[in-house]
Amino acid sequence: MAQDNEILRNEIINEQSLKNCIYMIRGQQVMLDLDLAAIYGYSTKDFNRQVKNNIEKFPEDFYFQLTEVETNTILRWKNSTANLKMRRYNPYVFTEQGIYMLMTVLRGPVAIRQSIALIRLFKQMKDYIVENQGMLGQREYLQLSLQTSDNMRDIMEVKRS
């Protein structure tokens with residue numbers, strides 16, 4: 001894991017490395033705090049401190065702490081589990097909205113570079129979905145459209161505040 005995190009820290013995030021960091025928990029696609037910390041160039045401790053210092057920006061649908069069972073499940077998914085096993089508390093995970101909110105909280109040259117890359121990557125992924133909507137069912141397309149609208153509304157609210 002330390003090697004994976006070093007790779008994430010030293011290069012701009014790409015689609016494959018992003019996909020390797022996404023998990024389905026509680027019916028939502030989420031990313032672990034330790035993976036996001038590596039992407040943004042923070043230690044996990046400093047990353048979580050930044051979130052706690054801005055906790056009003058992170059309602060429970062933006063991030064939540066994993067249970068012991070969920071943590072153990074992720075341990076099986078991860079190639080290297082040393083970083084998760086050594087923690088005193090269960091990791092936090094962030095939804096897509098939480099990741100957008102992180103972009104307003106985290107500072108520094110690496111964080112700015114990675115935020116820009118993530119926004120571009122998310123846009124590419126959404127554009128791909130729109131371009132290939134014919135292959136999606138009506139229900140899936142409607143669901144994705146609603147989620148995209150919600151995300152854009154949340155981003156605009158953040159910008160206003």
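Helix α3 is followed by Gly-41, whose phi is positive, near 80°. Helices here are DSSP runs of H or I with at least four residues, strands are E runs of at least two, and both are numbered from the N terminus. Residues are numbered from 1 along each chain as its sequence is written. Because the model is predicted, local features need pLDDT of at least 70 and side-chain atom pairs count only at pLDDT 80 or more, while totals for chains, interfaces and linings use all residues; side-chain values use heavy atoms, with hydrogens and water left out.

Start with the overall layout. The protein has 9 helices and 4 strands. Along the sequence they follow the pattern α-α-β-β-α-α-β-α-α-β-α-α-α. Of the 161 residues, 39% are buried. Buried means under 20% relative accessible area, exposed means over 50%, and partly exposed lies in between, with a 1.4 Å probe and protein chains only. Among contacts with a separation of 6 or more, 74% join residues 24 or more positions apart. A contact means heavy atoms within 4.5 Å.

Next, the sheet. Its 4 strands form an open sheet in the order β1-β2-β4-β3, with antiparallel pairing. Two strands pair if DSSP finds at least two bridges between them. β1 (22-25) and β3 (63-65) stand at the edges with a single partner strand each, so one side of each has no neighbour in the sheet. Neighbouring strands are turned by 45° against each other on average, direction ignored. β1 and β2 (residues 28-32) pair in the antiparallel sense over 4 bridges. Within this pair, Tyr-23 stands opposite Val-30 in β2.

Two helices pack on the sheet. α3 touches β1, β2 and β4 (92-94), and its direction makes about 60° with that of β2. Helix α7 (residues 96-105) touches β2 and β4, and its direction makes about 90° with that of β4. Axes are lines fitted to C-alpha atoms, for helices over the stretch in contact; angles run from 0 to 180 degrees between N-to-C directions.

Now back to α3 (residues 33-40). Because 8 of its 8 residues are buried, α3 is largely enclosed by the rest of the structure. The buried residues include Asp-33, Asp-35 and Tyr-40.

Asp-33, Leu-34, Leu-36, Ala-37 and Tyr-40 in α3 meet Thr-44, Phe-47 and Asn-48 in α4. These contact residues divide into 5 nonpolar, 2 polar and 1 charged. Nonpolar covers Ala, Val, Leu, Ile, Met, Phe, Trp, Tyr, Cys and Pro; charged covers Asp, Glu, Lys and Arg; the others, Gly among them, are polar.

α4 itself has two sides. Its buried residues are Phe-47, Asn-48 and Val-51. Seen down the helix axis, they fall within an arc of 90°, so they line one face of α4. The arc is that of the directions from the helix axis to the C-beta atoms. Their cover includes α3, β3, β4 and α7. The face turned away from the buried side carries the exposed residues Lys-45 and Asn-53.

Finish at Thr-148, found in helix α9 (residues 138-160). Thr-148 counts as partly exposed because its relative accessibility is 29%.
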